[in-house]
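Hi there,

Here is the structure I promised to pass on. Have a look at it first, and then read on for my notes.

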Amino acid sequence: MPANPAIILVHGFWGGAAHWAKVIPLLHAAGLDSLHAVELPLTSLADDAERTRRMIAQAGGPVLLVGHSYGGAVITEAGTHPDVQGLVYIAAFAPDAGESAGGITQANPPEGAAAIAPDSDGYLWIAQDKYHDNFCQDLSAQEALVMAVTQKAPLGSTFGDTIGTPAWRSRDCWYQVSDHDRMIAPANQVMMSGRMNARKVIHLPASHASLASQPGPVADLIIEAARG
């Protein structure tokens, strides 16, 4: 991969681009100064992938995509863009062709599944009083409160949207597994990272919010991928 590709950070369900707040300064300090964070609509995989593709095109050169949680499904769908040189998955979904985030989840439900509930408009939320225990149990109560109140809910139908051509089959990949994840079962993360033949897989004793609770190792993996 050429030196210093543009880094595009892609958030997941129940949070926006600000979930990368602790990782961004570390990447910048390492000399990765072409940094971008997508704000997804979370209305469908097609919408989210298209928003990401537009940002890839705006970068105007080699790109490394980094996806957290459902953001992994987005980079899997959008990452076939010719400018994408690599993919980094942070406690993320990496569905194969015809698979969905929901299908993978239903096959092996995570511990925190019961904390998720729909509203009257079809959006799925993590109950605020259950957010800390299930999304980010290794963060402070204050940080968890802010995340819970500012969470960005997806349309429930997005869970069922399936992947077309998975980019991880044709791009170099890196993967971080969160061993104490209550939103994506760790066993699912091990399965997905194993079948993609990732160049490197690391395990962190972290919650689903590893990008916030362990930004150092997460940033190190992204830096290694960018220089790989």
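A residue is called buried here when its relative accessible area is under 20%. Please keep in mind that this is a predicted model.

Let me begin with the cysteines. Cys136 has a relative accessible area of 0%, so this residue is buried. Cys173 comes out at 1% relative accessibility and therefore counts as buried too. As for disulfides, a pair of cysteine sulfur atoms has to lie within 2.5 Å, and by that rule the count is 0.

β1 (6-10) runs parallel to strand β2 (residues 35-38), and 4 bridges join them. The chain passes from β1 through α1 to β2 in a right-handed β-α-β crossover.

Is His11 buried or exposed? With a relative accessible area of 1%, His11 is buried, because that value is under the 20% cut-off. Its side chain reaches the backbone oxygen of Gly15 at 2.8 Å. Setting aside neighbours within four places in sequence, His11 is in contact with Gly16, Ala17, Trp20, Val38, Glu39, Leu40, Leu42, His68, Gly71 and Lys152. One of these partners, Val38, belongs to β2 (residues 35-38).

Happy to go through any of this with you.

Best wishes

Key:
Residues are numbered from 1 along each chain as its sequence is written. This is a predicted model: local features need pLDDT of at least 70, side-chain atom pairs count only at pLDDT 80 or more; totals for chains, interfaces and linings use all residues. Side-chain values use heavy atoms; hydrogens and water are left out. Buried means under 20% relative accessible area, exposed over 50%, partly exposed in between (1.4 Å probe, protein chains only). A polar contact is a pair of N or O atoms within 3.5 Å; within protein, one must be able to donate a hydrogen and the other to accept it, and residues adjacent in sequence count only if both atoms are side-chain atoms. Contact means heavy atoms within 4.5 Å. Two strands pair if DSSP finds at least two bridges between them. Helices (H or I, at least four residues) and strands (E, at least two) are DSSP runs, numbered from the N terminus. A crossover is right-handed if, with the strands pointing away from the viewer, the path from the first strand over the helix to the second runs clockwise.
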